[in-house]
Amino acid sequence: MSDTTQYFLEQSRLPRQWYNIMADFPEPMAPVLHPGTRQPVAPSDLAPLFPDTLIAQEMTAERYVDIPAAVLDVYKMWRPSPLIRARRLEKALDTPARIYFKYEGVSPAGSHKPNTAVAQAYYNAEAGTRRLTTETGAGQWGSSLAFAGSLFGLEVQVFQVKVSYQQKPYRQALMRTYGAECIPSPSNLTNAGRAILAENPDHPGSLGIAISEAVELAAQADDTKYALGSVLNHVMLHQSIIGQEALLQMEMAGDDPDILIGCTGGGSNFAGLVFPFLGQQLRGGRGRRILAVEPAACPTLTQGRFAYDFGDTAHLTPLTKMHTLGSSFTPPGFHAGGLRYHGMGPQVSHALQLGLIEARAYAQTGCFEAAVQFARHEGIVPAPECSHAVKAAIDEALRCKEEGQGETILFNLSGHGHFDMQAYIDFFDGKLEDREYDAAAAEVALAQLPQLG
């Protein structure tokens, strides 16, 4: 094997289609239910929120969906993203494992989120949408949609979880630079926000609340639609560009991953890397270990219940069957704001239920220790979210060392941490604390799950 460190695809080999895991699941997923009737949703039920093309993608069982030329043209601003062999980290760990990472921090917004933001903005612009509303945690999704909206002439209104709005002011500045409006949530702009603030004026916010606010405004105006950065099927579809590129790049490296790793909040960067490989496996290819890594303070996959739940706190969204801590659960304000969501994407949840993937939870201080170790050897400062994947990769490499196994590890480094340096300052100053999972609060929230006959 050569000593090559980076594997770059020519743009001529950029995948022209997205991959849909729905075509290869061995068992069908549970249907999405209307929040009022509790019957399976029809396309018309989603029309107030999404354009027809995205609704069709949300429901399709086709294995591949063509990527529009206009979307490919924007992708070429940063795609294909590099696959990198972490040789210096391997040496520092003295492991026989081979560690690779797919680096999505090269996008204009600094993460994997533009892969779906560009597609959603394009389809909305084609449908005549004037404005998009959305939510964001850490701000990676909000800044990505702001970027995409600026390219396709759309106004973008972002509700950012208040604790993240306060922790990460430069993400807010980036959104405004791209032309978006950024509002701390809960806010006084919506009925959902006002109700929360009336009960607790100092509420730190949650993704569930921010979703409620964005959905409420979108449903009120004919020229406004809603955009979501994770969880939904069409988001996972768009993110599959990551794994499809990685399949080609691993071939270039003359290697093949034994272990695939991604952090999980709603599931988009994890699914983006993993699902194309998992699809190969489900069609008769080799098996692999697949690790979904989440924060211990918001352990949806490892502690949550697989049940029908709302995607938002005000119960405006359809009911999906997913791993959930309850839609009223408010995670503590740890720094990986993009992973502070009460539920998990239905496709990722379904994969776990089928035994196709494993789940693991980490506390944040250990993740920051791993991120610093990674940065000092590989030069890239990880976002707090993907520091969870970094820690899992290091742990697996050390296991390989103990067992004398030369396994191949591939993880998704889904974004850089350049807008998250306050979190690193807190870590170095000894102020970063491991936030506890509030099991009692989760039990209260889970007791409020919708009852379905």
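**Reading a sheet and a helix**

Mentor: Three bridges join strand 6 (residues 131-136) to strand 9, and the two run parallel; strands pair if DSSP finds at least two bridges between them, and strands (E, at least two residues) and helices (H or I, at least four) are DSSP runs numbered from the N terminus. This is a predicted model, in which local features need pLDDT of at least 70, side-chain atom pairs count only at pLDDT 80 or more, and totals for chains, interfaces and linings use all residues. Residues are numbered from 1 along each chain as its sequence is written, and side-chain values use heavy atoms, with hydrogens and water left out.

Trainee: Which residue stands opposite Thr 224 in strand 9?

Mentor: That residue is Arg 131.

Trainee: What order do the four strands of the open sheet have?

Mentor: The order is 8-7-6-9, with parallel pairing. Strand 8 (181-185) and strand 9 (224-226) stand at the edges with a single partner strand each, so one side of each has no neighbour in the sheet.

Trainee: How many of the 15 residues of helix 13 are buried?

Mentor: Buried means under 20% relative accessible area, exposed over 50% and partly exposed in between, with a 1.4 Å probe and protein chains only. In helix 13, 13 of the 15 residues are buried, so this helix is largely enclosed by the rest of the structure.

Trainee: What follows helix 13?

Mentor: Gly 284 follows helix 13, and its phi is positive, near 110 degrees.
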